[in-house]
Amino acid sequence: MTHKVALITGGTKGIGFGIAKALLDQNINVAITSRSSAKAHEAAGKLNAASKTDAKVFGLKADVRSLESQQEAVNDVLKEFGQLDIVVANAGLGHFASIEDLTPEQWQETIDTNLTGVFNSIKASVDALKASKGYYITISSLAGTNFFAKGSAYNASKFGVTGFTQSVMLDLRQYGIKVSTIMPGSVSTNFNGNEPSDKDAWKIQSEDIGELVVDLIKMNPRTLPSKIEVRPSMPPSK
């Protein structure tokens, strides 16, 4: 694990931050992105301050909706570390409303970020991952297989991520690149305005997803868990 390099989109909080910390604990160098340069550097500072390994984290301003921006982020990682072994396409958002109320702008932002952003992340990094025989991981959702009312935009984006990733897995395994999608259920994060607290103790925690990513990377390369559903063990009683 030592000396490997990871790039995590949307890594300043929540699942992305938890994955960054888990990889850092394995002595993996990490780059995290945000649309805000200040937030990216602030989160990187927190991770570096808490690190117990020689690996380091640096923050990058990048927008997954832009292929050019993602390519610049990958180039910055290669310039800083000389290689790229792991890409985690984590950046995402959600707009939830009945189709009667969902605006075209909300639809487009959801698709551009959650689905096109995943496309841009692999397009920008595929050559680097070929060179390292690396790992590409997308963060989908159980909403990528289970639909619900007021979830048309989010469901569409996550169903798309699930299918896209599985197809990319078939495209890239011939180059020694491993591709997986992780589909979490309820996670204690800041997603959609939630503020994590003790009431979220029953949910999956961001560090749990980080642990899962580490397990995937450590697995014998002859075996590929290409689609992983993960959910809380014991949701609260209704």
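**View 1. Strands β4 and β5.** Strand β4 (residues 86-89) and β5 run parallel and are joined by 4 bridges; strands are DSSP runs of E of at least two residues, helices DSSP runs of H or I of at least four, each numbered from the N terminus, and strands pair if DSSP finds at least two bridges between them. Opposite Ala-89 stands Thr-138 of β5. From β4 the chain passes through helix α4 (residues 104-132) to β5 in a right-handed β-α-β crossover, the path over the helix running clockwise with the strands pointing away from the viewer. The model is predicted, with pLDDT of at least 70 required for local features and 80 or more for side-chain atom pairs, while totals for chains, interfaces and linings use all residues. Residues are numbered from 1 along each chain as its sequence is written, and side-chain values use heavy atoms, leaving out hydrogens and water.

**View 2. Side chains of strand β5.** Strand β5 (residues 135-139) is largely enclosed by the rest of the structure, because 5 of its 5 residues are buried (under 20% relative accessible area, 1.4 Å probe, protein chains only). Tyr-135, Ile-137 and Ile-139 point one way from β5, and Tyr-136 and Thr-138 point the other way.

**View 3. Strands β5 and β6.** Strand β6 (residues 178-184) pairs with β5 in the parallel sense over 5 bridges. Val-179 in β6 is the bridge partner of Tyr-136. Together with helix α5 (residues 152-172), β5 and β6 make a right-handed β-α-β unit.

Key:
Buried means under 20% relative accessible area, exposed over 50%, partly exposed in between (1.4 Å probe, protein chains only).
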